[in-house]
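User: I would like a close look at one part of this model. Please keep it brisk.

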Amino acid sequence: MSTHSLHFFDRVDTALHDETLRTALNRATARFVGNRSGAIGALSDADTLRDQARAIRAHALSRLDELLVRLAERVEARGGRVCWASDGEEARRYIAELARSRGVRSIVKSKSMASEEIHLNEALERAGVEVVETDLGEYIIQIAGETPSHIIAPAIHKTREQISALFEQHLGMPPTTEVPPMIRAARQALRQRFLRADMGISGVNFGIADEGAVVIVENEGNARLTTSVPRIHVAIMGIERIVERLEDLGVMLQVLARSATGQKLSVYTSIISGPARPGEADGPEEFHLVLLDNGRSQILGGQYAEALMCIRCGACLNACPVYQSIGGHAYGGVYSGPIGAILTPLLQPDLPDNYLLPYASSLCGACQEVCPVRIAIPDLLLRLRADAVRAGKFHPIEKPAIQSYAAMMNNPALYRVGGKFARLGTRLLRRKGRIRRLPPPLHLWTRGRDFPALPAQTFSEWWEERERQRHNG
Amino acid sequence: MSTPVGPRRVTLFVTCIVDQLYPEIGKATVEILERQGVAIHVPRGLTCCGQMAFNGGFRDESYAVAGRTIELLRGQGDVVLPSGSCAAMIRHLYAELFAHSPYAGPAAELAARTYELTEYLVDVLGVTDVGARFRGRISYHDACHGLRFLGVGRQARALLANVQEAEVRPLPNCDTCCGFGGLFAIKQYAISEAMLERKIHDVHAAETDLLVTGDASCMTQIAGGLSRRGSPIRARHIAEVLANMVDARPV
């Protein structure tokens with residue numbers, strides 16, 4: 001089901017009423033949170049490691065232009081081709097043209113959020129090419145006709161019962177609630193696709209500038225097949241996903257795996273540095289690296305630059321009580337959860353209600369607490385809120401409400417009188433010391449919560465009375 | 001009259017929510033501090049830290065309110081708040097709000113002498129037993145801002161461990177947000193209610209009599225949910241427990 005045409009609040013409402021979604025999210029996020037916490041807790045120097053990871057990312061971003069040029073030159077020196085794509089359109093055009101000129105009819109893809117970001121599959125399918133996702137989660141949502149709802153677990157919103165029904169319908173698998181037969185069914189279907197594909201498209205976890213190489217981590221082996229079996233490999237990399245040295249991986253791969261899935265390391269780590277060289281039996285004939293900007297260079301150097309440190313581990317999604325409640329689709333963008341509430345307004349400025357995303361957070365800070373590179377997510381969300389207000393994007397009642405609040409807080413006389421009025425008013429509404437219904441807009445509070453009856457005397461009044469008595473007494 | 005070593009003196013900033021909604025929390029804070037021999041000063045006209053406007057993205061309005069608060073607290077010594085959230089606003093977010101402004105310096109100076117109540121009692125005064133008594137089961141919820149932006153939690157637990165006759169019971173997921181979040185509770189009421197639902201579930205699972213936390217705002221959210229469900233469990237601010245004032249107000 002596509003909910004993207006709905007308004008943000010409707011998407012939230014849909015999600016909150018979806019009991020199956022709740023079950024799926026509760027199961028999966030609890031498992032992720034537990035695994036991460038175990039894996040990070042097992043380190044004797046987790047704090048140091050995270051500081052190092054942050055320093056590596058900060059260093060790379062501070063010299064991004066230089067590192068990207070170095071990466072591109074070294075990729076080309078090894079026989080690869082580099083496309084500098086300033087936006088999704090340029091990236092799509094390059095890949096579609098490549099597919100056309102090489103007579104590509106069938107493409108296999110491993111997980112790539114950057115390709116989701118530029119809606120690559122739709123573009124290639126329009127060009128008449130068959131595209132098959134090979135990451136199990138991505139495959140599930142592809143046959144379901146959906147989009148990923150999590151950075152690393154795209155089908156996190158689905159229960160195994162739903163997946164069984166999908167496989168029964170599309171692959172003729174007998175219904176089961178056991179995972180192994182489902183995996184066997186998907187593997188069987190995908191194996192054929194790998195063998196007949198002319199092109200493999202992958203994402204990139206890290207580009208290594210010094211090596212002219214890209215790193216891909218995965219657990220299923222599908223990325224390794226995607227990047228080695230077809231005759232052409234295209235890797236799509238957001239320009240910020242770079243580190244300078246091979247040694248940096250020693251830190252980055254550890255924090256990524258532990259934060260994402262709670263593994264010490266992912267099952268497969270592939271370092272790819274170009275097409276097969278003469279005499280090599282394996283590997284593609286061509287290697288293309290698409291360096292995708294798509295709004296990132298605009299973020300660099302600004303007040304949201306820190307968001308570019310993100311290594312897409314998904315830990316902030318799992319830890320977020322808002323994400324746990326509504327899942328990824330409600331956010332409406334490609335990236336969801338706390339980091340998505342930052343990236344979507346920045347990278348997809350055309351989505352009409354994305355200014356609301358930074359408000360989809362109680363600012364509890366659970367995201368920052370688990371972020372492997374310590375991105376100050378709540379601070380960035382607060383800045384985006386300030387930007388939205390400056391751009392005049394808020395509910396019409398908010399401005400007068402906040403202005404009266406500020407006027408009252410700035411004027412003790414008004415504060416006293418206003419408080420007195422509110423207290424008198426709410427006394428009329430109270431029943432048994434509590435209020436069950438407040439007038440709009442506060443009826444949104446009492447929809448599901450009682451409100452206390454306000455006291456006859458404020459603390460300040462009590463304090464002043466006490467001080468007077470003390471001085472007189 | 002000369003006192004060579006004067007008594008400790010603090011400035012008490014009860015916060016707007018305590019002033020208007022829960023004067024008992026303010027009175028309890030006074031009681032606890034005075035019992036420790038601390039002299040209390042409450043500046044006239046002190047209202048709000050400005051967090052509500054800041055949280056909503058209205059920085060100009062927040063700047064005015066918070067700037068006035070900085071002026072009123074200038075030269076007033078240590079400032080104690082019975083709120084991790086408002087203390088975090090001053091300690092953590094004033095730097096952001098007042099960056100590159102004339103208040104940047106005064107804000108940093110104020111941040112350095114601002115304390116959340118339990119932090120002040122345990123870390124500054126070195127007290128963990130304040131002579132509290134409560135017959136019943138107590139569970140503690142870590143309010144997010146105090147926990148994550150001030151590192152508060154250990155102090156409250158140390159204080160609660162010394163409450164006579166009380167059985168302190170662990171609250172499952174005690175560090176998960178209750179869903180209050182300031183304007184979030186209104187603007188995203190449906191998500192806020194869903195988060196509260198889970199918190200209430202955990203509070204019931206704790207098999208407790210009293211849910212205790214360090215922020216009046218989170219307490220309002222949790223108490224509002226418990227009351228709506230007709231639960232016999234009460235929610236109280238930690239100051240009310242420490243001052244033996246659990247029964248000082250209804251509901």
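How many residues of domain 1 of chain B are in contact with residues of domain 2 of chain B, and how many of domain 2 take part?

Analyst: A caution to start: this is a predicted model. In chain B, 28 residues of domain 1 are in contact with 23 residues of domain 2. The domain assignment places domain 1 at 9-122 and domain 2 at 129-242 of chain B. Taken over C-alpha atoms, the centres of these two domains of chain B are 22 Å apart.

Now the domain 1 side. Several elements of chain B each give two or more residues to the side of domain 1 that touches domain 2. They are α1 (16-21), α2 (23-35), α3 (51-56), α5 (84-97) and α7 (117-124) of chain B. By class, this side of domain 1 of chain B has 14 nonpolar residues, 9 polar and 5 charged.

Chain B also meets chain A. Here 50 residues of chain A are in contact with 54 residues of chain B. Helix α19 (residues 398-410) of chain A supplies 7 residues, the largest share of the chain A side. That side of chain A divides into 30 nonpolar, 11 polar and 9 charged residues.

A word on the partner chain. Chain A has 22 helices and 12 strands. Its C-alpha atoms fill a box of roughly 100 × 55 × 45 Å along the principal axes. Chain A has 473 residues, and 49% of them count as buried. Among contacts in chain A with a separation of 6 or more, 71% come from residues 24 or more positions apart.

How values were computed:
Residues numbered from 1 in each chain as written. Chains lettered and ligands numbered in written order. Predicted model: local features only at pLDDT ≥ 70, side-chain atom pairs only at ≥ 80, totals over all residues. Contact = placed C-beta atoms within 7 Å. Helix = DSSP H or I, 4+ residues; strand = E, 2+ residues; numbered from the N terminus. Nonpolar A, V, L, I, M, F, W, Y, C, P; charged D, E, K, R; others polar. Domains from an automatic or database assignment. Buried ≥ 20, exposed ≤ 12 C-beta atoms within 10 Å, placed from the backbone.
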